[in-house]
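Please open the structure in a viewer and keep the selection tool at hand.

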Amino acid sequence: MDFSKLFSLEGKVALITGGSYGIGYGIATAFAAQGAKIVFCDIKQELVDKGLESYKADGIDAKGYVCDVTNEDMVNDMVKKIEAEVGVIDILVNNAGIIKRIPMHEMSAAEFRQVIDVDLNAPFICAKAVIPSMIKKGHGKIINICSMMSELGRETVSAYAAAKGGLKMLTRNICAEYAQYNIQCNGIGPGYIATPQTAPLREPQEDGSKHPFDSFICARTPAGRWLNPDELGGPAVFLASDASNAVNGHILYVDGGILAYIGKQP
Ligand code: NAP
Ligand code: GCO
């Protein structure tokens, strides 16, 4: 075995859903540094354009597609186009996601369904779309972006926790069903990452003091700080590369230690 190439992604085609900024972008730039061809999608043209500008500024020759990942026809069309224009997808990162912070008794069934649709049904739709070609090619890597809420609950995020808990089990089931075809499906469970999704939880108060949730997260994280999207790059490269060929159905928590910690005494 050539250990110097274990983490190489040279020539691999990687599709990152919702990859125009935030965690998806952090993962894609790490993949590109390891030699992968980057393909991403986002729900709006303006997000794809913004993403393409950022990749270009970072010297990455990425390809972007507009695609609503909850729409099976759109996903299937996009996968066909990528196969024709770039090549068979070797690595899929199911990163696109939404959250609604609403107390459960005030949440409508439609709002609950929408979160489940983007955070759980869409990873099923995207995985289903890429698996047949991965089987033909003889290998594939699927990485599902899970959450602390795959393990823990908190007020106002019932739909998100239900979806991300479900995504953890979808990860294990894809492993169970497709490991025989040399497909590895693992999850990454990020802790609290400074992205637009969590910006409302970090917004300073009117008097300039820290948002109480910001203080809470710093006290709950042994490192005492929010993490950055870039810090997910290394773990994602590991799960996308040959270095993890024997790791399957695993959720790798990249949380600065949150799940190991009872929290700082106030
Ligand atoms: P994010 O705001 O959740 O953005 C993800 C991207 O997905 C956005 O560009 C978003 O577009 C796009 N998207 C939403 N619905 C889509 C759809 N139906 N089809 C295609 N794209 C869609 O950013 P993030 O914080 O970087 O989160 C990325 C992933 O990590 C999510 O799955 C999230 O749940 C998960 N996560 C985040 C954290 C954190 O602390 N930030 C922690 C754990 C897990 P819009 O901008 O239009 O919504
Ligand atoms: C929240 C947050 C979380 C994080 C993340 C934690 O409101 O508690 O948005 O759900 O985004 O998924 O791992």
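For this tour, Ala, Val, Leu, Ile, Met, Phe, Trp, Tyr, Cys and Pro count as nonpolar, Asp, Glu, Lys and Arg as charged, and the others, Gly among them, as polar. By that scheme, the lining of the largest pocket comprises 21 nonpolar, 12 polar and 6 charged residues. Please bear in mind throughout that the model is predicted.

**Stop 1: the largest pocket**

Select Asn 95, Ala 96, Gly 97, Ile 98 and Gln 197; of the 39 residues that line the largest pocket, these lie nearest its centre. Next, colour helix H1 (22–33), strand S2 (37–42), helix H4 (109–137) and helix H5 (158–178), the elements that each give two or more residues to this lining. H1 provides the largest share, 3 residues. The volume of the largest pocket is about 780 Å³.

**Stop 2: ligand 2**

Now display ligand 2, whose space is the largest pocket. Which residues come nearest to ligand 2? Among the 14 residues around the ligand, they are Arg 101, Ser 147, Arg 154, Tyr 160 and Gln 197. The shell as a whole consists of 8 nonpolar, 4 polar and 2 charged residues.

Show the side chains of three of these residues in turn:

- Arg 101: an N or O atom of its side chain is 2.6 Å from an oxygen atom of ligand 2.
- Tyr 160: here too, a side-chain N or O atom is 2.6 Å from an oxygen atom of ligand 2.
- Gln 197: a polar atom of its side chain lies 2.6 Å from an oxygen atom of ligand 2.

On its own, ligand 2 has 330 Å² of accessible area, and the protein covers 96% of that area.

**Stop 3: the second largest pocket**

Select Met 148, Met 149, Leu 152, Gly 153, Arg 154, Glu 155, Tyr 192, Phe 213, Phe 216, Ile 217, Arg 220 and Ile 258, which line the second largest pocket. This pocket holds about 180 Å³ of space. Its lining divides into 8 nonpolar, 1 polar and 3 charged residues. Arg 154, selected here as part of that lining, was also named among the residues nearest to ligand 2.

**Stop 4: the cavity**

How many cavities of 30 Å³ or more are there? The count is 1, and the largest cavity has a volume of about 30 Å³. To find the largest cavity, select Thr 17, Val 69, Asn 94, Ala 96, Val 118, Ala 122, Pro 123 and Cys 126, which line it. Helix H4 supplies the largest share of this lining, 4 residues. The lining contains 6 nonpolar and 2 polar residues, and no charged ones.

How values were computed:
Residues are numbered from 1 along each chain as its sequence is written. Chains are lettered from A and ligands numbered from 1 in the order in which they are written. This is a predicted model: local features need pLDDT of at least 70, side-chain atom pairs count only at pLDDT 80 or more; totals for chains, interfaces and linings use all residues. Side-chain values use heavy atoms; hydrogens and water are left out. A residue is near a molecule or strand if one of its heavy atoms lies within 4 Å of it. A polar contact is a pair of N or O atoms within 3.5 Å; within protein, one must be able to donate a hydrogen and the other to accept it, and residues adjacent in sequence count only if both atoms are side-chain atoms. Accessible areas come from the Shrake-Rupley method with a 1.4 Å probe; for residues, only the protein chains shown count as cover. On a 1 Å grid over the protein atoms alone, a cavity is a set of points where a 1.4 Å probe fits but cannot get out, and a pocket is an open set with protein on both sides within 12 Å along at least five of seven lines; lining residues have an atom within 4 Å of a point. A molecule sits in a cavity or pocket if more than half of its atoms lie within 2 Å of its grid points. Grid points are joined across faces, edges and corners, and a volume is the space filled by probe spheres set on the points.
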